[in-house]
Amino acid sequence: MHLVIIGNGITGVTAALTVRRLQPGARITLVSAESAHHFSRPALMYVYLGDMRYQDIKPYEDWFWAENRLELVHATATGLDAAVQTVQLDSGAVLSYDKLLLATGSRGRRGTWPGSELTGVQTFVTLPDLELMTRDTRQGVREAVVVGGGLIGVELAEMLAAKGIRVTILIRDTRYWGSVLPPEEAALVQRQLDAHHIVCRYGAELQEIVADETGRVRAVRTTTGQELPCQWLGLAIGVEPNLDLARAGGLETDKGILVDAHLQTSAPNVYAAGDCAQLREFARGEVAVEQLWYTGRQQGETVGHTLCNAAAPRPYRRGQWFNSAKFFDLEYQTYGRVPAEPVPHEHSFCWQHPTREALLRINFRADTLAVTGLNVLGLRQRHDTWAAWLRAGTPVTEVLANLGAANFDPEFFRQYEKVIVASFNQRFPQHAVQLRRRKGLFRV
Ligand SMILES: Cc1cc2nc3c(=O)[nH]c(=O)nc-3n(C[C@H](O)[C@H](O)[C@H](O)COP(=O)(O)OP(=O)(O)OC[C@H]3O[C@@H](n4cnc5c(N)ncnc54)[C@H](O)[C@@H]3O)c2cc1C
């Protein structure tokens with residue numbers, strides 16, 4: 001089998017390594033426009049900050065690819081002819097495939113504002129974005145504006161603030177990440193932003209980008225009528241799947257490349273996975289286009305199995321939702337489903353440390369007490385433990401009695417189980433819990 005994979009991100013590389021393991025004789029070619037070798041996209045910010053070098057964010061040494069007989073082609077795939085099973089490259093070369101995987105990822109949304117093509121205005125998704133930002137913020141930037149208060153918006157704020165640049169974030173919501181975080185979590189993140197002197201303009205949207213006489217951004221005007229001076233503008237309003245190649249090949253697309261449960265596209269022997277794929281069918285509480293590192297890896301592994309055994313294709317099963325991030329110094333993890341606003345028939349128990357930056361929220365069903373979701377900020381919980389509790393619909397009383405088992409590292413992380421359980425018992429005396437003592441001391 002000759003497997004051609006377009007895209008050497010986490011999805012493409014995981015698929016390649018899975019196929020190499022399952023089918024040692026397969027010929028595998030990885031094509032990527034962005035970089036010769038795979039690198040960790042979430043770690044791009046650390047290169048900007050100077051904490052890591054580019055070679056440090058490459059998970060594999062350069063010799064690894066040849067050693068594992070993975071052929072790397074640094075080029076853009078511009079054409080796809082699914083009828084004769086070929087891919088055309090911008091170098092003029094044509095690759096024939098038996099199986100093709102599109103793992104083309106996504107690109108930053110730029111919006112349609114006047115001035116979005118000015119110097120000093122950019123998204124932050126790719127290696128060229130990193131290079132551009134490094135160049136354009138090296139000198140002469142005193143003030144910057146970031147549009148969008150999601151995870152990448154906060155990353156940009158942290159990066160710029162570390163260089164001594166004053167940052168304003170324009171946020172459409174009325175509180176930080178209001179569509180995702182409940183008010184208590186949003187307030188805790190806000191304290192981080194305030195502590196790092198990041199100005200947040202809530203309810204404000206970008207209206208126009210203003211140029212100076214050299215064609216560089218000079219200011220932005222907002223929908224609330226303000227003009228904010230800035231010499232750099234970051235657009236962090238989300239990402240959209242890279243669909244050019246799929247469209248050139250006549251594949252069915254919508255927001256992403258449409259795939260069935262086996263990640264197969266509308267063309268025979270062509271699959272799509274990761275950021276660029278859109279599931280035709282998905283379960284309640286799941287999303288059709290998943291743009292996360294972990295889900296890219298999961299989809300890459302799933303499709304790798306199917307590529308090696310088309311007679312018994314493996315369906316993609318997302319499993320429990322989880323995500324993690326860092327807001328400056330504050331770690332955040334979320335498991336299961338924690339809506340930003342309360343939902344009927346569900347209780348939301350939230351504990352917060354009175355003085356430290358630490359919060360734990362457990363959502364559970366009012367009838368069966370089964371846990372449905374967890375948010376933690378400033379604490380670290382064990383993924384496996386929470387995934388098992390959520391999968392089994394474990395009652396909150398059982399979870400709290402054993403909360404110590406989910407403490408990521410009781411040796412190094414403060415243990416708040418005792419006060420958390422006491423707080424729960426105060427709020428829900430009818431379900432009072434007795435904490436099962438584990439080895440080690442409880443510190444409060
Ligand atoms: C700044 C930043 C921080 C992030 N942090 C997190 C995080 O903390 N946690 C998390 O879960 N997720 C995070 N994400 C999201 C995560 O990085 C992505 O979900 C993941 O990288 C997607 O992997 P992928 O392999 O599907 O696509 P990509 O990593 O986007 O790889 C696709 C590759 O295909 C190439 N390509 C596209 N079209 C062609 C073509 N026609 N020819 C040749 N090559 C092509 C692209 O250039 C790209 O190199 C972050 C994203 C960004 C931008």
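A disulfide is a pair of cysteine sulfur atoms within 2.5 Å. The exercises below apply this and related criteria to a predicted model.

**Exercise 1. Determine how many disulfides the structure holds, and explain why Cys230 is in none.**

Solution.
- Step 1. The cysteine sulfur closest to that of Cys230 belongs to Cys200.
- Step 2. The two sulfur atoms are 16 Å apart, which is too far for a bond.
- Step 3. Cys230 is also buried, its relative accessible area being 0%.
- Step 4. Cys308 is likewise in no disulfide, and the nearest cysteine sulfur, in Cys276, lies 19 Å away.
- Step 5. For the structure, the count is 0 disulfides.

**Exercise 2. State which parts of the chain form each domain, and describe how domain 2 and domain 3 meet.**

Solution.
- Step 1. Domain 1 comprises two segments, 2–107 and 240–308, while domain 2 spans 121–237 and domain 3 spans 322–431.
- Step 2. Taken over C-alpha atoms, the centres of domain 2 and domain 3 are separated by 31 Å.
- Step 3. At the boundary, 22 residues of domain 2 are in contact with 20 residues of domain 3.
- Step 4. About 1800 Å² is buried between these two domains, and carbon and sulfur atoms give 61% of that area.
- Step 5. On the side of domain 2, Glu185, Leu188 and Gln192 supply 32% of the area buried against domain 3, more than any other three residues.

**Exercise 3. Identify the polar and charged pairing between domain 2 and domain 3, then examine salt bridges elsewhere.**

Solution.
- Step 1. Side chains of opposite charge can pair when their charged atoms come close.
- Step 2. Between domain 2 and domain 3 there are 4 salt bridges, together with 8 residue pairs in polar contact.
- Step 3. Glu185 forms a salt bridge with Arg361, with an N to O distance of 2.7 Å. Glu185 is also one of the three residues named in the solution to Exercise 2.
- Step 4. The structure holds 22 salt bridges. Among them is the pair Glu34 and Arg41, whose closest N and O atoms are 2.8 Å apart.
- Step 5. Both partners are partly exposed: Glu34 has 23% relative accessibility, and Arg41 has 31%.
- Step 6. Arg107 and Glu240 form a salt bridge with their closest N and O atoms 4.0 Å apart; the cut-off is 4 Å.

**Exercise 4. Decide where the model should not be read in detail.**

Solution.
- Step 1. The protein has an average pLDDT of 94, and 97% of the residues score at least 70.
- Step 2. Over residues 440–444, however, pLDDT stays under 50.
- Step 3. The model has 11 contacts beyond four places in sequence for residues 440–444.
- Step 4. Where pLDDT is low, the predicted coordinates should not be read in detail.

Terms used. Residues numbered from 1 in each chain as written. Predicted model: local features only at pLDDT ≥ 70, side-chain atom pairs only at ≥ 80, totals over all residues. Heavy atoms only, no water. pLDDT = per-residue confidence, 0-100. Contact = heavy atoms within 4.5 Å. Buried < 20%, exposed > 50% of the residue type's maximum accessible area, 1.4 Å probe, protein only. Domains from an automatic or database assignment. Buried area = accessible area lost by both parts, 1.4 Å probe. Salt bridge = Lys/Arg side-chain N within 4 Å of Asp/Glu carboxyl O. Polar contact = N/O pair within 3.5 Å; in protein donor to acceptor, adjacent residues only side chain to side chain.
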